Amino acid sequence: MVGATLALVGSSAVYADAVKQTKGKYEDKFRQLEEILPTPNVYRNAAGEPGHAYWQQKVDYDIKANLDEAKRRITATEDITYTNNSPDTLKYLWLQLDQNIFKPDSIANMANNFGGIGRRGPAAAAGDASRPARLSLGELRRQQYLTDNEVGYDIQAVTANGKALKHTIVGTLMRVDLPTPLKPGKSTEFTVQWAFNIVEEDAVSARSGYEHFPDDEREGGNDIFLLAQWFPRLVAYTDYEAWTNKEFLGRGEFTLEFGDYEVEMTVPADHIVSSTGVLQNPKQVLTAEQRARLEEAKTAKRPVFVVTAEEALENEKEGTTDTKTWKFEAENVRDFAWASSRKFMWDAKGYQQGGNDMPFVMAMSFYPKEGGDLWKKYSTESIIHTMEVYSRFSFDYPDPVAQSVNGPVGGMEYPMITFNGPRTTLQDDGSRTYSLAEKRFLIGVVIHEVGHNYFPMIVNSDERQWTWMDEGLNSFLDGVAGREWDPTIPWGVEPRDITGYMKSNTQVPIMTQSDSVLRLGPNAYTKPAAALNILRETILGRELFDYAFKEYSMRWKHKRPTPSDFFRTMEEASGVDLDWFWRGWFFSTDHVDISLDRIYKMRMDTKDPDIDYARRREEEHAKPTSLTNIRNKEIGKTWVELNPDVKDFHDENDRWTVTNKQRNKYNSFLKGLKPWERKVFDRAVSEDKNYYVLEFSNKGGLVMPIILGLTYADGTTEKQYIPAEIWRRTPDAVKKLIVTDKNKELVQVVVDPDWETADTDVENNHYPRRIVPSRVETYKRSRSSSLAGRDLMQEATTKLKKDEKKDEKTSEKKEGDAS
Ligand SMILES: [Zn+2]
């Protein structure tokens, strides 16, 4: 801290010294967002609520699908009923043909940027002739697979009342021309007949597909089929964009309508099917024993096996050419997915949710033997934990079932059904083990994917445009649920988990269209999750945040919110102006780095010369003496000391000697004060408080509250919260006055002592600065690995090693992108 004195000034405080130049670079970090958000209207109002004329379309599907296991091909007839609730008359309808993304001439394949930052781009050095570019074996496998296989939709017929409808395929979209324009409030029915070859998920990395297990004793062959983005789905028609017909590039997910589904899937008779919706014909596809086990599961304490490990193993050995047809129905869902395999074991446990909407939900998991104990112990329990936590923050889970299915997809969500990747590792002694990372991955991914039932399956945001609206909100809540499950596991959603990304140079704002986002994980998952954490724990507090977040969820349950609806609702319902927060965290790439540069300690002048001049003299004497004078004194006295007889007046007095002239001035100052001024002055002088001025600079650009951890000389500590609004006039630098009692001396101040604001440099938060703890390790120089550097004469004598265990396999760990 730096010592100084504090003189009284008039009430019109001058802060101009804190303001550097504003002309030419002025940016108002608190400017209201209304200036850039879409204008409110009758469909979505200024409060962020559905407006009084809100509408959305309804699309019902009746699908009969056949899975040809040998050909790995789906053939289907799809009856679609489209209800136009918009105020517009529609001449044509657009459908999404997501399977067409795999076609060699798709925009996704043609526009794949080599060397760009992307899912499969080579790491670096393309075009640098001295170093090779990199192409992963996985990417080569994908190219070879797509070259060797016929992929994409085979659209066989589009008809209405038996008559062909004109249809035009545009990449991953298809326009169907209606025989007569569809008026507001009217419905139309038509049929699409189609087929496609199911892609191999491990080769293509597609959020769905089949996985084939090696045909050996250890793995036992057989496939798991995950069917998603599998049927032509209607493009959403909205009040803000009309047809949201944006080509599917693989990243931006889906923009969908709600509707009712009746789906029949004909599969090999020994397959077990898990699906969106409720099974309609259990007597035809399940044994009496399996149905009894399902009944038992409703009230069981732990999951009950409907298909046991032994039964699944038996199914795996045989195979069959017989088929069975499973029938499912789902009401008011935005999508439909399913899974089928003879490898599946199946466990279930009832969840008594209470409430009026859906008092009972059946939680179920489907997994092969490779899932092992990891799945048996944690999958279904994680589903129930998710519903318990998420419902508290939003609304009761509205569907009758919630499922987790193991397959080749790392993590992906659909209504009532999720695909989750982690598995156990088979050891040589036949046991199956899993690491802490795999355990965390399983619990975390099940919570995350089941959590997506709330966002975006029910709060139906536009995923093609805004990944953060589902992934960010969902990652925030999966972090809440994860930490309520086991706080000792790092779930990766703390403010400290995003600092490295926020300081990096390869960034775009969260408010970036999904396909254009750089580094999707930190951008659309972790950063918005951390931001909402900060909003909840630090800025609004739990009560205000939870109220506003629940309000958003309730308002948009089974409806379609946009970003502005979220921003507006959170502000309206919490009553707190958050425009600066949305601006900083969602619309900019600024980061948080608040530095505490200097602290002055000041003491109030008494104006009494007998007191103040003595203090000045003391201060002067406290300064170090000149080295020259010290050394001169060591070797002998100065002339003045050697000749004391010639001392005069000035040797007896110094510049702080008080005369009556000053005393008279002091007395007339006191007399000139009005009675209230005198009272205030006398009190300030007698209390003789400590006045500290803390000087902060904003090095990251993001304005945030300044949270102070104060430590006093008497050992006590205190936390102070300075709202972000302190930065409103001078966003680069601010000063804060802290006044303490005379005996309460400040010895240390730390900004953000609990790491709750995502401050990227915590070292400049300490005043005084601390020694930074770090590590150093020794290393041994390694010899050159260049070709010319080899000891070729020695190497030439090396014998060729024979394979000792030819069949030895390395277990391949799957870590798909969690979606
Ligand atoms: Zn996700």
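**Figure 1. Contact of helix α7 with helix α13.** In this predicted model, S391, R392 and F393 of α7 meet D546, F549, K550 and S553 of α13, where contact means heavy atoms within 4.5 Å. These contact residues comprise two nonpolar, two polar and three charged; Ala, Val, Leu, Ile, Met, Phe, Trp, Tyr, Cys and Pro count as nonpolar, Asp, Glu, Lys and Arg as charged, and the others, Gly among them, as polar. The axis of α7 (residues 372-393) comes within 8 Å of that of α13, and the two cross at roughly 95°. α7 is therefore roughly perpendicular to α13 (65 to 115 degrees; under 35 is roughly parallel, over 145 roughly antiparallel, the rest oblique).

**Figure 2. Packing of helix α12 against helix α13.** Helices α12 (residues 520-539) and α13 (residues 542-555) pack at an angle of about 130°, their axes 6 Å apart. The two helices are therefore oblique to each other. L532, L535, R536 and E537 of α12 touch R542, F545 and D546 of α13. Three of these residues are nonpolar, none is polar and four are charged.

**Figure 3. The chain around these helices.** The chain has 22 helices and 34 strands (DSSP runs, H or I of at least four residues and E of at least two, numbered from the N terminus). Buried residues, those under 20% relative accessible area with a 1.4 Å probe, make up 51% of its 819 residues.

**Notes.** Residues are numbered from 1 along each chain as its sequence is written. In this predicted model, local features need pLDDT of at least 70, side-chain atom pairs count only at pLDDT 80 or more, and totals for chains, interfaces and linings use all residues, while side-chain values use heavy atoms, without hydrogens and water.

Notes:
Axes are lines fitted to C-alpha atoms, for helices over the stretch in contact, and angles run from 0 to 180 degrees between N-to-C directions. Buried means under 20% relative accessible area, exposed over 50%, partly exposed in between (1.4 Å probe, protein chains only).
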